[in-house]
Amino acid sequence: MTVSKMIRGTMILTIAAFVSRILGILFVFPYHALTGDDGVNLYQYAYTPYAIMLTISTMGLPLAVSKFVSKYNAMGDYQAGKRLFKSGIVIMTVTGLIGFLIMFLGAPALTSLYGFSTSFYPQVVLMIRVVSIAILVVPVMSLIRGYFQGFQSMGPSAVSQVAEQIFRVAFILIGSFLTIKVFNGTVLTAAAIATFAAFVGSVAGLYVMLHYWVVRRPYLQKIQQNTVDRRYKMPYRTMYKELVTYAFPFVAVGLAMELYQLTDQLMAYHYFEYSQKIIKVINADLTMNDQKMVLIPVVLAISLASSAIPAIITSYSKGDIDDVHHKITQAFELVLFLTIPASIGLSSLGYMIHSFFTLKPAELQIGGQILTWYAPSAVLFALFQVTASILQGINHQKVTLISLGAGIVVKILLNPTFMRTFGIIGPILATDIGYVLCILINIIAIKKATGYRFSLLGKQLMHIIVYTAVMVLIINIIFYLSGGRVPHSRSSAVIVIVICVLAGASAYFGLAKWTGLLKKMTDRFRT
């Protein structure tokens, strides 16, 4: 398969991922407006363990199965992928059932770890049990997605992914609106509908994949007729051992943010020295409201930079180290060029942006402070994702597991002290330190495996930092002229945000164009 075709396929998936993640981020605004902090907390306390269990249940299937099927298809052994698919349907059905039972039956035990008050406890148990139903469907859907991707057919997965998110978000917003505004229902009912939306979305995604399976099955069967004649059939044990080897690194990357988030949720009521009412506000902002905002620059940067990863795989397999270095530089520069100004700009506008969630002075102060400190962490999130992807491209996947484990351990050890000492920003600082350790381990492994010199990024990084500093200076001048960084109304916040974004972006990209950096970045993207 040509590099251009690999990049095209990757871009189809990354565009779909970008669209679906943006939908998953933007729904927070209307959902919070309808249900408040209680609705957000109920949703997130259930969704975080669900995301972790889902990642484990699917075992990173789409990418792992894709890699397995693609490998053996290239060798002419189409039967290996076919046998994996048939047996995988059974195994994924079983793992989905096991994951559902663990979450459904274990909901009381998991909820007790949070340390809630007695009144909040049964509500969270209900949320976890409702969202667990989706685990029955998703593993099988993930297997089918991976199988199609193994044949370099990215369209079905992309359409399925977007359809899943559209149906999920629509069900959340329509259901919550009808419950609260039309039928005068409770926040608990609205939150239960929001968590059940995970099942609705997964059914929609599975329907799309089954539709494509019916339509394209004759074509796949025709291809499989060209399989080489092999007397030796790979044992299922060997097959799944290889699959698990592929899957673990993908699982690690998928689990990273959820594990950091779950650590904060489990420790908040134990180590924060605030009232339970304030902790609810902090958790809503730290794990959903502001956290979703922080992901916007990460999603954009990763969607663009990941287009370089297939080319890294090809170049490394050919032993073309110079081209590997070129592609690594391309991935890093794209991420840094987009993520640094976006995250620092988001941090500068923290209070203004958080006013969309609330204008209550105390809650705005908490949320604005969290977003201001949390937004720069987007750079670390993006760098971890990119370094992990590069390690996969050069067949050093195990390092990702080591770095993730080390980062989580550091996070767990620091969180109690940091929560007591630094208060609201304590868990953010602990997260940053954990991610820095992860990135350092990954960078050392990349340098050792490829001989890559990270000094190649120094000049471009200095340009980016200087342009970002100019952008921040302009934003602060606008704040000074408009009366401060804390808004008095949403309308004034919108005006200030629009002016700041336009002026800041114009300054950043204008300087980048003047010095030639912008042209270099666009050339990087095209190649």
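What radius of gyration would a compact globule of 527 residues have, and what does the chain have? For a compact globule the value would be near 24 Å, and the chain has 23 Å, which agrees. The radius is taken over C-alpha atoms, and the globule rule is 2.2 Å times the number of residues to the power 0.38.

Colleagues, please note that this is a predicted model, in which local features need pLDDT of at least 70 and side-chain atom pairs count only at pLDDT 80 or more, while totals for chains, interfaces and linings use all residues. Residues are numbered from 1 along each chain as its sequence is written, and side-chain values use heavy atoms, with hydrogens and water left out.

I begin with the overall fold. The chain has 20 helices and zero strands; these are DSSP runs numbered from the N terminus, helices being H or I of at least four residues and strands E of at least two. Along the principal axes, the C-alpha atoms fill a box of roughly 75 × 60 × 40 Å. Of the contacts (heavy atoms within 4.5 Å) with a separation of 6 or more, 83% join residues 24 or more positions apart. The accessible surface, from the Shrake-Rupley method with a 1.4 Å probe, comes to about 22,400 Å². Carbon and sulfur atoms account for 69% of that surface.

I turn now to empty space. Rolling a probe the size of a water molecule over the atoms shows where such space is left. On a 1 Å grid over the protein atoms alone, a cavity is a set of points where a 1.4 Å probe fits but cannot get out; a pocket is an open set with protein on both sides within 12 Å along at least five of seven lines; and lining residues have an atom within 4 Å of a point. Grid points are joined across faces, edges and corners, and a volume is the space filled by probe spheres set on the points.

Helices H9 (236-271), H10 (276-305) and H17 (426-450) each supply at least two lining residues, with H9 giving the most, four. By class, six of the lining residues are nonpolar, four polar and one charged. Here Ala, Val, Leu, Ile, Met, Phe, Trp, Tyr, Cys and Pro count as nonpolar, Asp, Glu, Lys and Arg as charged, and the others, Gly among them, as polar.

The second largest pocket holds about 520 Å³ of space. It is lined by 25 residues, of which Pro341, Ala342, Gly345, Leu346 and Val501 are the closest to its centre. Helix H19 provides the largest share of this lining, seven residues. The lining comprises 23 nonpolar, two polar and no charged residues.

Two individual residues remain. Gly81, in helix H4 (residues 78-114), is buried, with a relative accessible area of 2%. Leaving aside residues up to four places away in sequence, Gly81 touches Phe68, Val69 and Tyr147. Asn184 lies in the loop between H7 (155-182) and H8 (187-224). Most residues other than glycine have a negative phi. Asn184, not a glycine, has a positive phi of about 50 degrees. With a relative accessible area of 63%, Asn184 is exposed (over 50%).

Methods. Buried means under 20% relative accessible area, exposed over 50%, partly exposed in between (1.4 Å probe, protein chains only).
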